[in-house]
Number of protein chains: 2
Amino acid sequence: MTSVKSYGQFCPVAMSTELLCSRWTLLIIRELLSGSTSFNDIRRGVPLISRTLLSSRLKELESARLLRRVPVGSSGRCAYRLTAAGEGLESVVNALGEWGQEWIEPELALGEVNYGYLLWNLRRTVRRVSDMPRRFVARFEFTDAPIDNRHHWLLFDGEDIDICHADPGFEVNVWIECRLRTMAELWMGWISLSSALEDGGFTIDGPPEFIKQPFRWLGQSRHAGTPKLPREARVVMG
Amino acid sequence: MTSVKSYGQFCPVAMSTELLCSRWTLLIIRELLSGSTSFNDIRRGVPLISRTLLSSRLKELESARLLRRVPVGSSGRCAYRLTAAGEGLESVVNALGEWGQEWIEPELALGEVNYGYLLWNLRRTVRRVSDMPRRFVARFEFTDAPIDNRHHWLLFDGEDIDICHADPGFEVNVWIECRLRTMAELWMGWISLSSALEDGGFTIDGPPEFIKQPFRWLGQSRHAGTPKLPREARVVMG
DNA sequence: CAGTATCCGATGCGATACTG
DNA sequence: CAGTATCGCATCGGATACTG
């Protein structure tokens with residue numbers, strides 16, 4: 001908790017926020033809800049948290065009984081799994097996500113998109129589609145990423161789907177080139193594909209069955225279907 | 001915010017928590033959602049916040065456009081009213097409340113019930129019922145409250161309903177005597193009236209039409225209908 | 001890889017005093 | 001009543017180094 005002193009209220013909203021509303025806590029729970037179980041997978045979804053703090057938050061959540069540590073293998077590895085109470089937080093996380101999608105002006109967040117975090121999100125929604133060859137490679141060029149991290153590859157190989165930060169060496173099926181923020185805006189449903197193509201600096205090349213409706217295999221955020229409300233009504237951050 | 005650095009994520013959950021999950025913020029919003037508009041009414045619902053911090057939180061919420069300050073009268077008074085975006089947070093506050101009601105072990109919070117806060121909550125749900133005389137007085141004796149604050153009166157007088165901390169002098173219709181935590185547990189729906197009467201040290205006296213089903217005029221928390229889950233599955237605070 | 005220990009600077013926040 | 005200004009310290013959390 002932010003402070004050692006409690007809110008002193010028996011109201012369930014007060015008790016819930018006292019447990020949940022410390023920095024990073026709900027993002028860690030979001031990661032666990034979306035299926036991550038290892039320390040480093042959680043970090044991929046919450047890249048700016050320090051290891052020290054993640055470790056401490058996980059301990060807090062364990063002692064509150066929101067998650068339990070399950071030993072895996074014999075090497076001290078363990079998996080973090082939500083308890084039933086933790087799973088119950090899906091409604092809270094969904095409500096926060098829906099509200100944010102509708103009301104928050106995202107301009108600030110779009111100014112500093114982290115490529116690792118963007119790709120980790122893409123990885124979560126990409127899916128094999130029926131007319132895809134056994135091996136399928138999409139190559140991303142993020143024109144505004146740090147010079148050594150502009151190119152990334154999404155590799156479908158049989159059952160496996162991997163994000164590669166170095167050229168896997170296979171023939172490329174689809175080329176995508178855009179700014180980090182444009183890819184984020186598309187994935188979040190904040191701009192349409194047609195507007196990105198027209199004036200968003202977004203280019204996509206490859207066979208028509210994969211570039212006409214790229215979201216078919218790329219997927220989108222679970223909130224992409226919820227439209228943002230008009231700019232003048234939005235909440236601003238910072 | 002707890003820290004000056006942002007989460008660096010375009011995820012709506014991350015943006016929402018960044019705006020909302022600082023200490024007290026969601027409780028202030030809960031108060032505004034439940035109808036308080038003045039500085040001191042908000043404080044009655046959030047009694048442990050300092051004036052300094054409440055003032056600063058209100059400014060943050062205003063600059064984020066979650067609320068606006070509306071001048072009232074000519075004396076510099078103003079009312080705090082949620083914007084449409086702020087009203088939209090009802091779903092978030094409800095989700096937090098429902099989850100807390102189901103999953104949190106409230107024992108810790110029941111150890112330190114604040115009488116002012118308890119009565120402020122009661123005041124919000126009491127209602128005149130049809131067979132009530134024009135003037136109706138209920139007297140509360142909280143056996144474990146600080147010695148000078150044991151007795152309180154709930155006064156229905158025509159259209160007005162007031163909580164009095166000093167004897168208003170009228171004839172009393174209903175007498176209630178119990179511990180602060182018992183009143184809180186009843187109002188929250190955590191114990192039943194019959195168990196409170198049997199072994200909760202709760203006594204109520206007066207005409208049968210007002211003491212058989214006291215919640216008819218006392219009301220209960222909006223979450224009282226949601227049952228708590230079994231103790232062994234609950235989340236613990238502190 | 002999967003964390004833990006320690007240090008220390010930043011800041012959040014309560015207390016107190018003051019104002020219109 | 002309805003706040004604001006200032007001060008000081010507790011604690012939060014990031015950086016760094018270390019361990020099995």
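## Conventions and model

Two strands are taken to pair if DSSP finds at least two bridges between them. Helices (H or I, at least four residues) and strands (E, at least two) are DSSP runs, numbered from the N terminus. In chain B, for example, strand 3 (residues 135–142) and strand 6 (residues 174–178) pair in the parallel sense over 5 bridges. Within this pair, Phe142(B) has Cys178(B) of strand 6 as its bridge partner.

The model is predicted: local features need pLDDT of at least 70, side-chain atom pairs count only at pLDDT 80 or more, and totals for chains, interfaces and linings use all residues. Residues are numbered from 1 along each chain as its sequence is written, while chains are lettered from A and ligands numbered from 1 in the order in which they are written.

## The sheet of chain A

Chain A has an open sheet of 5 strands in the order 5-4-3-6-7, and its pairing is mixed.

Strand 3 (residues 135–142) and strand 4 (residues 151–157) of chain A run antiparallel and are joined by 7 bridges. In this pairing, Glu141(A) stands opposite His151(A) of strand 4.

## The sheet of chain B

In chain B, 5 strands form an open sheet with the order 5-4-3-6-7 and mixed pairing. Strand 5 and strand 7 (203–205) of chain B stand at its edges with a single partner strand each, so one side of each lacks a neighbour in the sheet.

Strand 4 (residues 151–157) and strand 5 (residues 160–164) of chain B pair in the antiparallel sense over 5 bridges, and Phe156(B) stands opposite Ile161(B) of strand 5. The hairpin formed by these strands has 2 residues between them, and Gly158(B) takes a positive phi near 65° there.

## Helix packing within the chains

In chain A, the axes of helix 8 (residues 115–125) and helix 9 (residues 180–188) come within 11 Å and cross at roughly 30°. That makes helix 8 of chain A roughly parallel to helix 9 of chain A (angles under 35 degrees count as roughly parallel, over 145 as roughly antiparallel, 65 to 115 as roughly perpendicular and the rest as oblique). Helix 8 contributes Tyr115(A), Leu118(A), Asn121(A) and Leu122(A) to the contact, and helix 9 contributes Leu180(A), Met183(A), Ala184(A) and Trp187(A); two residues are in contact if their C-beta atoms, placed from the backbone, lie within 7 Å. By class, these residues are 7 nonpolar, 1 polar and no charged (Ala, Val, Leu, Ile, Met, Phe, Trp, Tyr, Cys and Pro count as nonpolar, Asp, Glu, Lys and Arg as charged, and the others, Gly among them, as polar).

In chain B, helix 2 (residues 25–33) and helix 6 (residues 90–103) pack at an angle of about 110°, with their axes 10 Å apart. These two helices of chain B are therefore roughly perpendicular to each other. Leu26(B), Ile29(B), Arg30(B) and Leu33(B) of helix 2 meet Glu90(B), Val93(B) and Leu96(B) of helix 6, a contact of 5 nonpolar, no polar and 2 charged residues.

## The interface between the chains

The interface involves 54 residues of chain A in contact with 54 residues of chain B. Helix 6 of chain A gives the most to the chain A side, with 11 residues. That side divides into 34 nonpolar, 13 polar and 7 charged residues.

Helix 1 of chain A and helix 6 of chain B pack at an angle of about 90°, with their axes 7 Å apart, and are therefore roughly perpendicular to each other. Among the residues that meet are Pro12(A) and Met15(A) in helix 1 of chain A and Trp99(B) and Gln101(B) in helix 6 of chain B. This contact of helix 1 of chain A with helix 6 of chain B has 6 nonpolar, 5 polar and no charged residues.

Terms used. Axes fitted to C-alpha atoms, helices over the stretch in contact; angles between N-to-C directions.
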